[in-house]
Every structure is written in C-alpha cells, then in structure tokens.
Amino acid sequence: MADFETVVVETDLLICGGGMAACGAAVEASYWAKKHGVKVTVVDKAAMDRSGAVAMGLSAINQYVDLNSGNNTLKDYCDYVRNDLMGITREDLVTSIARHVDNTVHTFEKWGLPIWKDEEGNYVHEGRWQVMINGESYKVIVAEAAKNALAEAGGEYFERIFITHPLMNGDKCVGAIGFSVRENKVYVFKAKATMGLMGGAVHVFKPRSTGEGFGRSWYPPFNSGASTFFTLYAGAEMTCQEVRFIPVRFKDAYGPVGAWFLLFKSQATNAYGDVYMQTNADELDKWAPYGHVKPRPANIRNWLMMLDVMDGKSPIYMQTAEAIQRIADESPDEKAAKKKLKELEAEAWEDFLDMTISQAILWAATNVEPEKKPSEIMACDPYFIGSHSGASGAWVSGPEDLQTDETKDEYFWGYTNMTTVPGLFAAGDASGASSHKFSSGSFTEGRIAGKSAVAYILDNNEAPQVDDALVEELRNEILKPLDTFQEHKDATTDPDINPNYIRPTQFMYRLQKLMDEYAGGVSAQFSTNDKLLEKGMELLGYLKEDKEKLAAENLHELQRAWENVHRMYQAEAHVRSILFREETRWPGYYFRADKPTLDNENWLAFCNCKYDRNTGDWEMIKRPVKYLTQ
Amino acid sequence: MPSYVIPDKCDGCKALDKTACQYICPNDLMVLNKDTMKAYNQEPQQCWECYSCVKICPNQAIEVRGYQDFVPMGASVTAMRSSEDIMWTVQFRDKGIRPKRFKFPIRRGVSEGQAQPFDLYPTGDDDIKSPTLMGEPEGLNTEKGPVKFDDLPKL
C-alpha cells in the first residue's frame, strides 16, 4: 500500500479549478465572503498564473456585448447564440452571463489588461462581439486579482493538487478529494458548498498529429474532462453531451482565424479558388431555419467546407494575401498603404504570438509571409467545451428573475448555477447549454456562481458531514494504480509491457482510437451511425473494466491515470447522447449517417443524462427547449 | 521535444525557492533532474508549446523547437518577457527572409502585483440574493447610452 499522508482541509466554499471561471468565482465569492465571514478555498492542479485554457494568452476577448453603445441588446446576443447552436440554448443562462459581462471586461481593463482603443478612446472591435487585446498576460493579470481577492478575504489557495472525485453525503456534495502531484499526500476538502470549475475535455478523440505534435490540440491537452467526471459522479444531470466543438483553424498548429475572417475580411476557398460558402450555398436550405441566419452557425460553415474536402477539393485556404492587398488598396496613397501593411503584419503575427505560438513557428518554418501566399485551414479534432461553440456541461439552475411562467418549472430550482446536486455549482466549460461565453463570459459565470454559492452557504450553514469510511474507500481507489504498478512491475523485463496492467498512455490511446473510429472522429470524417455507436459502447465497456488495472509509476503518472479515467466518462456521456438524439443537428460537428436530417418536430429539445455511481446505470432525459425571447 | 533546456544556461534555479519551469508548467511536464540539477521536459508529446516555461525562466535557458512530425526544421520563435512588455523574434527557415521582431505591451497602467480586486466601482446593493454583482450597475458603464433589454427583465 502506497505510503501517503492524509491532509484534511475544512472550509466553507471550495472552488475546484484555476482557470477563468475559477478566478471569477474566487474574486466575486471573496467579495461577498468578506462581508459575511465565509471562508473561501481554491484548489488547482497547476499554478494559477498559467492554469486553464487561457494559459498561453489570448489576442481577443470574444464576449463583450457592449450594451452601452446602444447598438446591441441582450436579445441580439441570445439570437446569435441560439442560432449558432441550431436552437439548442438555455436563453436564461446566456442572458444571465451577457447582462454582466461588460462589467467584467471593464474590470479587466482596470486590472491592467491592455485593450486596444481607437482614436476616440473606444474599444477596437474584431467583430460585433469581440474586442482586441494585447493578451499575452491575460491569465497572469486575472490570476493576480483572484489571488489578491483571496488574500483580502482571508481565503486559501492550494496549487498542484489534482482533484479526482467529489465527496458526497447522500445526494449532497460536501467537498472533494484528490492528491498532491508533488508529494505523497491525499487531500480531503470538506466544504459547505463546492464549485466544479475544472474546464472542458481534450484528447477524448484521437488528434490529427500522433507524433510529437500530439499535444498541439487547439484547446489545451491539460483540460482533461475533470469537470464532467466530477459532476457526473456526484449524480448531477448533464446536458448537451453530444454537442462537441470542432473549430476550423490554420492547419496543424491550429492558429486562430478570427482576426483573418473578422478583422481582415479574408475569404476561405477550396484548392481551385471556389468560395465554398457561396458555391455550396444550396446546402443551407437543408439546415433551415439555422442555415439561413447570419452569421452562419460555426458548424454549418464547417460543413460547407467539409463537403468540398469530401469532394476532393482540398487543400482549403485562407486567402491572406488577397485580404491584405485589398486593405492596402483602400489606402489613399502608397505611403499610407505601406504603413497600413506594416500595421497589419504586426497584428497578424501578434494574433498568433498571443495565443498559438506554434502557428508562428509553423509559418516561419514554411516561409509563410501572409501578404504573399495563402495558408491552409482545416477542421481540428472534437473537443468538449461549454464556453465556445460547443455546449456540453452540467445542467444548472438559471436566475429566478429571468424566468417566464413557461420556463420557471424547468430552468429554476433555487440558486443560480447550482447543478441538480445540492451544494454543487458549475460554470464556464463545466456548465452546459450556455455557449459563447468564452474567456470573459466564463469568468463572469464564475462570478455569478460564486455569489450564488455564498448565498447557499448562508442559507445552509451547517458543517459538512463526511463519512470516514467513504474517504478511506476513495483514498484506496485513488492510489490503487501506484500499488498495481509496484505489485507487478518485476513480472517482466520491460515495465511498459506487462500482462498485469495498463499504463495511462496506452489507456488513452485505446480510448482515442475507439472514439475516433466509432464516434465520428477525424479519420471517420466526423461521421457515425447507431450501429457504430453501439459497437463503440461495447468497446468502451471493456475499457471501463480495464480501468481497474491502470498502473502508475509515480505521482505524475497517477495524475495521467485519473485524467484518462475522467476522459473515459466524458466519452461515454458523449456516445450515449449522440445515440439518444435521433437526428443530425450540427452536421459540421458530427453526422449521424442513419439519421441524416434535422428533425425539429421531435428533437428541438435538450438531451440530458445522469449517472448513478452506485449502480453504474445511466438515465437519458429529454427536456424541452423554452425561449425567453422571439 | 517542443520545449528544451540548454544545459549551459540552466542552473536548476538553485537560488530560488522552487524550480521556475516546474512551478509554472500547466501540464506538469517540466521537472528538475536532482542529479544533474538541470530541468527537462518529461513528456514532450503532451507539450502545448505555450511558452510558459520559456517566459518564466530567469536564465533564458528554455527554448522551443517545433514539433518534428509537421514542422520543417530551421525556424525559431524566441520570447523575452519583462514586467511591462514582451519581445518576440521570429526567424524563418529561409534565411533570405529578414527575421521579424515585435514588441507588445502585456500590462497597462497597473504594475505587477497591484491589481485591486474590490471596489473599483461602487456596488449597487448589499443583497446576497440579488443578481447584482460587485461593481454593478456602475461598472456596466451605462451612462453613454441606454441599455436595451427589450422585453427581458432589467437588472
């Protein structure tokens, strides 16, 4: 038995995670906690300055509703999100975030984040909802404020502790358990309310690069499905687990295309110069009414491109040179044109250097000067990310004041952003059906949830009851891969090849291969059907059994083992949800070949699911979509 | 190996209380070899090339070499980050193309460590049950024009 100390930490509010949503929760909860004498504790698997999806930085803030311009309303934002997600949206949640997000962005600026300004002092917009930033240190700045907030409110912050499971007392969440990835310690956090804010999931599917570039996913490889597992295991109802996100980005390094499409008005074409959004426009009718809205939904843009790929018209190009030339031509004279080009060049490179440095390396290594030649774009692999143009996450209560008579029974049960499990809150990538929150909206939703969790604690101010036997059982389960390795490592001459166990990396490859081939990954051109999914479920079943034989040589590998268990549960929720929804609604995300059309009559609905940790049973639930607007 | 350590420059952060790259890596990749007192990337296939280790290294001992399964050799992107800005140098594979240098600000108006989390704007009410967040409604800056909520309830 591995020799580990058990450290018990008692707190009022436990925030699991360190990304944008967790930082938002830390700031807002600390503000209210200070007034009400509530203790806040944050536990993060990395270091907050660079943890989460904004670790590298960002070149834009993608949600700024700019309500004070008078140009946009909350309804406009709801329309945009609902249409992009083909009608599957919780408008109460989208509105809840959108009505606060401008305050968040103004606050970021006060913390020192450089937001681009025009000559009149207004923010420079990349598109209608996006503002440009010098965002290399975006996360560092936000983390600094979060740590200062914790310090002012007497809170605590733990780094490098990997949370594996929620702690439950019956149906109520009473904290979390995990282990230090630096020393032999199991951590037991007992809390009156717990927030699962541990990001989305990457590497559930096989990535396109399987050599050294394996880690160059668009979304970071350290977002490993912890939120999904945490809420599922707690028994929380989950939503939109079928709504994966597949971004189209510059090929291989996955550099951002937003500035090129939105700021530089660049066009994408197939290899033969056809603008596929125009030449394949007839296809839009099939996906009406969403096929006809502008901007076109992200998955529909993907789909029109994929049609050309399947037609043998690759490579697909972003016509960068054309776009730059056109902007230069609009300048009044040659001197002005030269100056403008220089500016654009810096902007184009900064776009990469702020958030996808690999793309700058790739351009430099392939001698790309964007003003001279176009660059290839391509669909990445599928990701689970509730904050962008995907929608997967926990099913959470909306705010009471935004409900209508029709929505209140379905979408409200007490505390904003609380899951269906008492005392467990979710936000950011961890909460579903509230897409297009991005970095600023995730932080904002963390704030909303943070305040709400403090309110919950004040109403339910009782010490968390944690059963020691349960802690012991989980502790043994968590550390088991270390014991398995020690027990069997000498059975062969090579610790990698051993019939008694499976190491986390091979476990991940097995998961990725079956998801890729059976659940519509890259090599299946994102297509699947009921029979493939059923076969995939069978193979997932074997993998689930083999999870008992995971082996880890050290703490780093133990973290990998649990990350991959988390991914496996994300995979199962996904496969079950695709199977349950008997239609194709997001053709550019996945295509159900046996149900190839949109069926609004039967499936303009949420596909939710629940997992029972005691029996291992899953329950699929269809919930109505009810709009606030229209 | 996406991020790599130059042995002559790495001193294992002997003078610091922790190894900087090991402290910062979001994917738990950088580790210190206690025998050689040099750091290395223990799982290069999991490297996102986020440059967090490159930027934090006090000795500029860490660089990134592009993923060899899709990046041709010979180019480089190097970063020098200070408390105010970041300098980038992009060298192309084709040495006939002039290297590019960029300097971008990383902070404005607030020095490192000084971000004040609370009370940047007054908070409208103290009701823990209201939807009002810290600094609202004033932090929404509605003075420039009407906030149009259509038929949705107002904040």
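**The hairpin in chain B**

Mentor: In the hairpin of β2(B) and β3(B), M37(B) takes a positive phi near 60 degrees. The hairpin has 4 residues between its strands. Keep in mind that this is a predicted model. The two strands, β2 (residues 30-33) and β3(B), run antiparallel and are joined by 4 bridges. One pairing to find on screen is V31(B), whose bridge partner in β3(B) is Y40(B).

Now turn to the faces of β3 (residues 38-41) of chain B. A39(B) and N41(B) make up the covered face. K38(B) and Y40(B) lie on the uncovered one.

Next, the contact between the chains. Chain B gives 70 residues and chain A gives 78. On the side of chain B that touches chain A, α1 (20-24), β6 (85-91) and β7 (100-105) each supply at least two residues. That side of chain B divides into 41 nonpolar, 16 polar and 13 charged residues.

Finally, a helix pair within chain A. α3 (residues 91-110) and α13 (residues 438-459) pack with their axes 8 Å apart, at an angle of about 105 degrees. Angles from 65 to 115 degrees count as roughly perpendicular, so α3(A) and α13(A) are roughly perpendicular to each other. From α3(A), the meeting residues include H100(A), V101(A) and T104(A). From α13(A), they include F443(A), T444(A) and R447(A). By class, this contact has 5 nonpolar, 6 polar and 2 charged residues.

Technical notes: Residues are numbered from 1 along each chain as its sequence is written. Chains are lettered from A and ligands numbered from 1 in the order in which they are written. This is a predicted model: local features need pLDDT of at least 70, side-chain atom pairs count only at pLDDT 80 or more; totals for chains, interfaces and linings use all residues. Two residues are in contact if their C-beta atoms, placed from the backbone, lie within 7 Å. Ala, Val, Leu, Ile, Met, Phe, Trp, Tyr, Cys and Pro count as nonpolar, Asp, Glu, Lys and Arg as charged, and the others, Gly among them, as polar. A residue is buried if 20 or more other C-beta atoms lie within 10 Å of its own, exposed if 12 or fewer, and partly exposed in between; C-beta atoms are placed from the backbone. Two strands pair if DSSP finds at least two bridges between them. Axes are lines fitted to C-alpha atoms, for helices over the stretch in contact, and angles run from 0 to 180 degrees between N-to-C directions. Angles under 35 degrees count as roughly parallel, over 145 as roughly antiparallel, 65 to 115 as roughly perpendicular and the rest as oblique.
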